[in-house]
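Please have a look at the picture first.

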Amino acid sequence: MAMETFKVQVNSTDHPHEYQATVRDFRVKLAPDSTTAAHPHEAILQALGACEAIVMASFNKQQNFTYRDFYYTLAGTRSGERPGMDHIGVAVHLNTDESPQKCREFMDFTENTCPVMDNLTHTVPVKRTGVAVIA
Amino acid sequence: MENYQATARKTQSGLQVDVHSRGVHTTIDEPESLGGTNTGMNPVELVLSSLGTSLQATAAALAPASKFNYEHMTVNLEGDLDAAGFMGDPDIRNGFQEIRYQLQFKTQASQEECGRFADLVAANCPVEDMLRNGVAVTLDQVEII
């Protein structure tokens, strides 16, 4: 496998406090205070849940785990002692015939494989490469 | 204390996942090169989108008190990931190895003023804080339904 670079652009829009993220052919609107767009903290929770879900759907056969259906619910809390959230709690709801122990083991595998989980719990270098000024 | 919630539900199609908060839905998927059907951005791209939005929202919130005026800001973000990591290579981490971003201001402010303001934004950006310093994640429930 080779290193792949993922690229995203986020722009301000005509609406104050609404932002447009553009990724390949996809766009998502995000906003800190809107009834029609997710908050960036909600987007982090969504990314973690989706990432774990995709790990499960990609590796369940290899790990000999069967399911009919599943979903994640995630809750984040922010105390204000730091800029970001302090804690994220994850719950998984599995429609499966597997035993509770096998579910636990598969969840351990999922958490230890998930890229977003890795970045949130083990930190990642974030570098600002430049500030451009357009008059 | 602020609370945030989200749901991520696996759909019946490929690797596709429907995520939502407060009824606002987004489709997440993987490109074909990573086994998906390319019906939406992937989770790590959503992380970069969230970081870019958090930088935007932080800049908008800090600008008035900092007496910094700008008409428009663009955030360009990149993250490097080697899929060999999550495919099981123990020497390669699963997630991004590095995230980079560049800010572009449309403003009458000087380059130096923009640099100082960008430092202030970085120090106060919630999502940059979480990625740079980490956040505690706990698996609170495994429910069989």
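Predicted model: local features only at pLDDT ≥ 70, side-chain atom pairs only at ≥ 80, totals over all residues.

When I say strand or helix, I mean DSSP runs, numbered from the N terminus, where helices are H or I over at least four residues and strands are E over at least two, and two strands count as paired if DSSP finds at least two bridges between them.

Residues are numbered from 1 along each chain as its sequence is written, chains are lettered from A and ligands numbered from 1 in the order in which they are written, and side-chain values use heavy atoms, with hydrogens and water left out.

Strand 4 of chain A also pairs with strand 1 of chain B, residues 2–10, antiparallel and over eight bridges, and there A:T77 has B:N3 as its bridge partner. Strand 4 itself, residues 69–78, has a covered face that includes A:F70 and A:Y72, and an uncovered face that includes A:Y71 and A:T73.

Now to a sheet that draws on both chains. Six strands form an open sheet with mixed pairing, in the order 3(A)-2(A)-1(A)-4(B)-5(B)-6(A). Strand 3 (26–30) and strand 6 (126–134) of chain A stand at the edges with a single partner strand each, so one side of each has no neighbour in the sheet. Neighbouring strands here are turned against each other by 20° on average, with direction ignored, where axes are lines fitted to C-alpha atoms, for helices over the stretch in contact, and angles run from 0 to 180 degrees between N-to-C directions. Within this sheet, strand 1 (residues 3–12) and strand 2 (residues 19–23) of chain A run antiparallel and are joined by four bridges, with A:N11 standing opposite A:Q20.

What lies across strand 6 of chain A together with strand 5 of chain B? That is helix 2 of chain B, residues 111–124, which runs at about 145° to strand 6 of chain A.

Let me turn to the interface between the chains. Contact, meaning heavy atoms within 4.5 Å, involves 103 residues of chain A and 105 residues of chain B. The area buried between them is about 9,400 Å², with carbon and sulfur atoms giving 59%; buried area is the accessible area, with a 1.4 Å probe, that two parts lose on being put together, summed over both. On the chain A side, A:F6, A:V126 and A:R128 supply 8% of the area buried against chain B, more than any other three residues.

How many salt bridges does the rule find across the interface of chain A and chain B? There are eight, where a salt bridge is a side-chain nitrogen of Lys or Arg within 4 Å of a carboxyl oxygen of Asp or Glu. In one of them, B:E98 and A:K127 meet at 2.6 Å, N to O, and this pair crosses from strand 5 of chain B to strand 6 of chain A. B:E98 is buried, at a relative accessible area of 18%, whereas A:K127 is partly exposed, at 43%; buried means under 20% relative accessible area, exposed over 50%, and partly exposed in between, with a 1.4 Å probe and protein chains only.

Another salt bridge joins B:D119 and A:R128, whose closest N and O atoms are 2.9 Å apart, and this one crosses from helix 2 of chain B to strand 6 of chain A. Within helix 2 of chain B, B:R116 and B:E112 form a salt bridge at 3.2 Å, N to O, and these residues are four apart, about one turn of the helix. B:R116 is exposed at 51% relative accessibility, and B:E112 is exposed as well, at 57%. Finally, salt bridges that share partners join A:K7, A:K127, B:E78, B:D80, B:E98 and B:R100 into one network.
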